[in-house]
2 protein chains.
Amino acid sequence: MKHNFGAGPCILPQEVFQEASQAVIDFNNTGLSILEISHRSKEFEQVIQEAEALVRELMDVPSDYSVLFLQGGASQQFAMVPMNLLPEGRKAAYLDTGVWATKAAKEASKVGQVAIVASSSDKNYSYIPKEFSVPSDAAYFHYTSNNTIYGTEIFEKPNVDVPTIVDMSSDILSRVINIADFDLIYAGAQKNMGPAGVTLVIVKNDILGRTGRTLPAIFDYEAHAKAGSLYNTPPVFSIYVSMLNLRWLKEKGGISVIEQENIIKARTLYDEIERNPFFRGTANEQDRSRMNVTFVMDTPEQESAFLKLAQERGMVGIKGHRSVGGFRASIYNALGISSINALVDVMKEFEELSK
Amino acid sequence: MKHNFGAGPCILPQEVFQEASQAVIDFNNTGLSILEISHRSKEFEQVIQEAEALVRELMDVPSDYSVLFLQGGASQQFAMVPMNLLPEGRKAAYLDTGVWATKAAKEASKVGQVAIVASSSDKNYSYIPKEFSVPSDAAYFHYTSNNTIYGTEIFEKPNVDVPTIVDMSSDILSRVINIADFDLIYAGAQKNMGPAGVTLVIVKNDILGRTGRTLPAIFDYEAHAKAGSLYNTPPVFSIYVSMLNLRWLKEKGGISVIEQENIIKARTLYDEIERNPFFRGTANEQDRSRMNVTFVMDTPEQESAFLKLAQERGMVGIKGHRSVGGFRASIYNALGISSINALVDVMKEFEELSK
């Protein structure tokens, strides 16, 4: 048995894999593979409509927001956000909480003017800056709610007076949020929503079309919204699997239920990190992520030995990102508590063996 | 038994569906689904490297060209081509052979200056313009080699003296071409290469980086080339299935073998259209596509009756595009001659029943 702690693309529910596998052979008894059906067929239209309806239901999306399924990942959103929301001559405010937040700001600076309002780079992004202000004339404020590499997460929307854009790639669907707090939310699917190849965008309609920029249609949120995410051929299979995963989440009881599980999963693992003398967390305690748990050991030798033991016990993807080192256990929605317990058991086993 | 004549996303080989279905459960005996493995894992690196190597081998790609797997479809290439290749103040030349060619030019005109060198809109794009000249100071010349909607195809590269860009979305891998004739080739995967969600770009390295434009990295071919198509999380599953399909094509004997099959398939169908008094082709004879065979009947009543009969006989996706009407049989690489014969049989059956 494998326990997949990979940071993304990552584990999805086994039921989803089973159903997706079947659909690759015969989708809904059509006699056709999901890979060969037209994106204009009524069968696929039902899929994408159900996917959108599930996002709206699970996240309680107000009716004046569009729900889009786009290609290109969060990296493409780094460019599309300023292209759609940053007028020439205005400034956008970015909070720098690590590699992905830095990249979002850097890519935006190729489109327009960017101001970094705060950064935690002084301590290798191990904490979330709290004291900062966003200029009231900023076109928007952008932040990254969960920082996979450093294991930090922003649970409360910072108190700012300008339109707020959030990259929720790695914590979307993991906890209840109030959509109306945000003007645009984006998330690459490949953590909690589905496989790689599709990106969710939830955008308040009335912030669009105001920059005066001429955009190719493929980069224009309004063009996608008007076409119901069918402006061009969508990534059919990635949307289909996302829909299956959203169904699974609904059947589990929705986001408030999975949030409670995620709280317990994270606490179980952090508790062991605190208790076990061989491990210590790298993130500032009050900023600890529920999705990515980062921890280190005292010596490279211990880390090699623990990694080997963990791999022997079926753990996959727990090596930390090179910029933090040590270990990163990504514990997304689909990872069961049994896998958390298995990891805790290995940590205890390591402690015993080292006595 | 279904015969899938859909225009795209479209039929792929049954063996590919079988193997892809298995990989969704357990990929290469890793104990993990292809949908949950990291794009940085050595297993996926092998997949993308094999996909690139197969494209290079099958299409005989010179070493000074990059082979990229990108997201966003041909529609995104409509924008990326001028962003990467059209300097401010220069003009790009476009050949207008139908909806997709028109869109390519329109999207480019949002980025820079565009000149339409010729158009066949006067006869609903039923032919390919032959007499036109491209200004020698054009930054590049763009055309669409196969026009799915109208059933026309350009087999010979037009004789022009400027860098040539071709959208081969619907005839890539269907016939032998000389890559060195082109500076950039792009193709949405969802016809002859794989499922929707990935786009092949083959680009001559030395035409890149010359416009002086500042581009977000996600839109910069050079950034993708330097990163080996792993600048950001790629569409893992779409690339994997494309790789399987490229393997299948190699095992069949490669492009020259499939080209001969495609010639026979197209001729068989066109012969029946010419012979059978109930049908007539819509495309100019010398410009007929080998990938999309368009034909009409004399009355809407006949067309309804034939469509019904064909559907009863298992034909899927043969209704023509609304701008041409009638029927369109898309006969891509993976559609076997047995499906062509089945369609011809229905056409004969209709003739018999109508006597």
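Predicted model: local features only at pLDDT ≥ 70, side-chain atom pairs only at ≥ 80, totals over all residues.
Several of its residues are buried, namely B:S339, B:I340, B:A342, B:L343, B:V344, B:V346, B:M347, B:F350 and B:E351. Within chain B, these buried residues pack against two helices, helix 7 (255-275) and helix 8 (300-312). They also pack against strand 1 (3-4), strand 12 (292-296), strand 13 (315-316) and strand 14 (327-330) of chain B.

The overall build of a chain may be followed in chain A, which contains 9 helices and 14 strands. Its radius of gyration is 21 Å, close to the 20 Å that the globule rule gives for 355 residues, so chain A is as compact as a globular protein of that length. Taken along the principal axes, the C-alpha atoms of chain A fill a box of roughly 65 × 55 × 30 Å. Of the 355 residues of this chain, 63% count as buried. Among contacts in chain A between residues at least 6 apart in sequence, 67% join residues at least 24 apart.

The two chains are next considered together. The same surface serves both copies, since 98% of the contact residues of chain A recur in chain B.

In soluble globular proteins, nonpolar side chains tend to be buried together. Here the largest nonpolar core comprises 127 residues, of which A:F237 and B:F237 touch the most other members. Leaving aside neighbours within four places in sequence, A:F237 is in contact with A:A20, A:V24, A:I34 and A:L35 of chain A, and with B:V24, B:L35 and B:F237 of chain B. A second, separate core of 64 residues includes B:V81, B:L86, B:V111 and B:Y140.

One annotated position remains. An unreviewed UniProt entry lists A:R40 under "binding site". A:R40 lies in the loop between helix 1 (14-25) and helix 2 (42-59) of chain A. With a relative accessible area of 48%, A:R40 is partly exposed. Beyond its neighbours within four places in sequence, A:R40 is in contact with A:E45, A:L230 and A:Y231.

Definitions and conventions:
Residues numbered from 1 in each chain as written. Chains lettered and ligands numbered in written order. Heavy atoms only, no water. UniProt positions renumbered as here; feature names shortened; annotations may be inferred. Helix = DSSP H or I, 4+ residues; strand = E, 2+ residues; numbered from the N terminus. Buried < 20%, exposed > 50% of the residue type's maximum accessible area, 1.4 Å probe, protein only. Contact = heavy atoms within 4.5 Å. Core = buried A, V, L, I, M, F, W, Y, C linked by side-chain atoms within 4.5 Å. Rg over C-alpha atoms; globule rule 2.2 N^0.38 Å.
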